[in-house]
Amino acid sequence: MTAISETAEWKALERDGADLGGVSMRSLFAKDHSRFARFSLEAAGLFADFSKNKITDDIVQHLLALAGAAGVEQRRAAMFGGEAINSTEDRAVLHPALRDPDGDYRAMGEPVSGLVRAQLEKMKSFCGQVHNGAVKGYTGKSLDTVVNIGIGGSDLGPQMAVEALRPYWIDGRRAFFVSNVDGQHLADTLAQADPETTLFVIASKTFTTLETLTNATSAREWFLKSGGAASDVAKHFVALSTNADAVAAFGIDRNNMFEFWDWVGGRYSLWSVIGLSIALQVGFDNFKKLLAGAHAMDAHFRDAPIAENMPVMLALVGVWNRNFQGIGAHAVLPYDQHLLRLPAYLQQADMESNGKRISVDGAAVTHETGPIIFGEPGTNGQHAFYQLLHQGTDIVSADFIAPALSQSAVGDHHEKLLANFLAQTEALMRGKKLEEARADLTAAGIGASDVDRLAPHKVFPGDRPTNSIVMERLTPETLGALIALYEHKIFVQGVIWGINSFDQWGVELGKALAKNILPELGAQGETKAAAKTHDASTNGLLNWVNTVRGRAK
């Protein structure tokens, strides 16, 4: 199998990168007044402008040719067709089936759309009973608080969506999310919970995940110590899993187990029963709207020609920046406080998907793959790390995301937020030249000697690439479309890089080693023999920790 980096299409882009080295984005905009119109797209309630990247029409054509050489359209068809595109685990990847109410999807030949609809109906019924008070706790009180216990996709997705949809919260309802095996995370949450009115949602496909089961077991112990009986566990705990026997052994009623399937990857699972916490907090109708927004983006991604396809074009621009502009980090910068958790969510979606160095055929790749993803909401990030974005020695690409209208209008806050949103991408693209810095200082009345001293510090290189993604308002529908946009962008980039975006073997080694170390850690107040079976650093750290724990009272 020929590596993508050995193809003629890749070589053409390498030449493009070298030829464009001395060209500024300022000059590209100055010479081409229709650039914005050509390098922007609208779909599923979103508008994306990618004109502030160092690209030309020829480069776009070469990127589209690269997509053809990589087989993007064929892999897209294989995904929607339910083929086993997760090759290392021999699984289909069919999260679009979860959000298509009228679909007829098959996973490796087996029909699945009916299963999806059945679980959605079960979720709808359960949410309705919780919301109308038919489902009650062990003392007869209604359940108004949800504590979602999961990790990874079983935590990041629901938590992000619940926060993003805060204006849609049902009055009087609360939702908490516990993921870290650090007991402080659970303890801090339980301190705010009432055992009589709390519903625990345990999210674990296998019901064996160490962190999730540790937290779930401790939550059950807290519940029992707080007045609940073993027979009451069934009233306060539900499971999102496929392991009915383990769920029943925990004390959860099998009727309160919601199922999903092995073709639903963890970081693509909020659309499944893993989204129960979302539906409980914002209502099932709003959860369905979230699915509808994602489905609209699915339809666009599936049907639009790749040159007019928003996920494909954003993916190709990302490949251009990563592989032909040498940019190794990408910032996600939402200008909406309710999207506070979106950067963390996309860290997993992107870095767990495309943080790979082995191609699908088992050979080491010969090119860079997934970038480092980070971010914070604007304008907070402007007063934190934007200094590096503007004047640092490394170039970082970025996505700026904003709604045109606020969900909660307060004075002129949103106008000031949007002004910053628009100004930052302009500043990153244009920069400020030395002569401009000198002119500004002179106009401000600064003396000539101070102008000479200060001007170099006020130079901004510019040519920092950004995409702008805007929507009318942040709603369940536009949130669904936004998440699906990123899912498909990540998929396309994985296809081009020749890697499997749907496994995550990189998380396994640390877990395995932790199981070996756990028995070697002494309990508080216990003396343990010196560790000798690891490297010198690990032995030293383990012995230091055990010494401190041994003398603790």
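Reply: Helices and strands are here DSSP runs, a helix being H or I over at least four residues and a strand being E over at least two, numbered from the N terminus. With those names in hand, and bearing in mind that this is a predicted model, one can say that α14, β10, β12, β13 (466–471) and α20 (476–497) each supply at least two residues of the lining of the largest cavity. The largest share of that lining, 5 residues, comes from α14.

The cavity itself has a volume of about 130 Å³, and the structure holds 3 cavities of 30 Å³ or more. Of the 19 residues that line the largest cavity, G318, H330, S397, K489 and Q493 are the closest to its centre. By class, the lining divides into 8 nonpolar, 8 polar and 3 charged residues.

The pairing in question joins strand β10 (residues 329–334) to strand β12 (residues 397–403) in the parallel sense, over 5 bridges. Both strands sit in an open sheet of 6 strands with mixed pairing, whose order is β1-β2-β13-β12-β10-β11. At its edges are β1 (40–43) and β11 (372–374), each of which pairs on one side only, and from one strand to the next the twist averages 15 degrees.

The helix α14, already named for its share of the lining, also packs against another helix: α1 (residues 8–19) and α14 (residues 310–324) meet at an angle of about 70 degrees, with their axes 10 Å apart. Angles of 65 to 115 degrees count as roughly perpendicular, and α1 and α14 are therefore roughly perpendicular to each other. In this contact W10, L13, E14, D16 and G17 of α1 meet W320, N323 and F324 of α14, which by class amounts to 4 nonpolar, 2 polar and 2 charged residues.

For comparison, the second largest cavity has a volume of about 50 Å³. Its lining is made up of L98, V116, Q119, L120, M123, E259, W261, W271, S272 and V273, and by class these are 7 nonpolar, 2 polar and 1 charged residues, whereas the lining of the largest cavity has 8 nonpolar, 8 polar and 3 charged residues.

Note on methods
Residues numbered from 1 in each chain as written. Predicted model: local features only at pLDDT ≥ 70, side-chain atom pairs only at ≥ 80, totals over all residues. Heavy atoms only, no water. Pairing = 2+ DSSP bridges. Axes fitted to C-alpha atoms, helices over the stretch in contact; angles between N-to-C directions. Parallel < 35°, antiparallel > 145°, perpendicular 65-115°, else oblique. Contact = heavy atoms within 4.5 Å. Nonpolar A, V, L, I, M, F, W, Y, C, P; charged D, E, K, R; others polar. 1 Å grid on protein atoms, 1.4 Å probe; cavity = no way out; pocket = protein on both sides within 12 Å on 5 of 7 lines; lining within 4 Å. Points joined across faces, edges and corners; volume = space filled by probe spheres on them.
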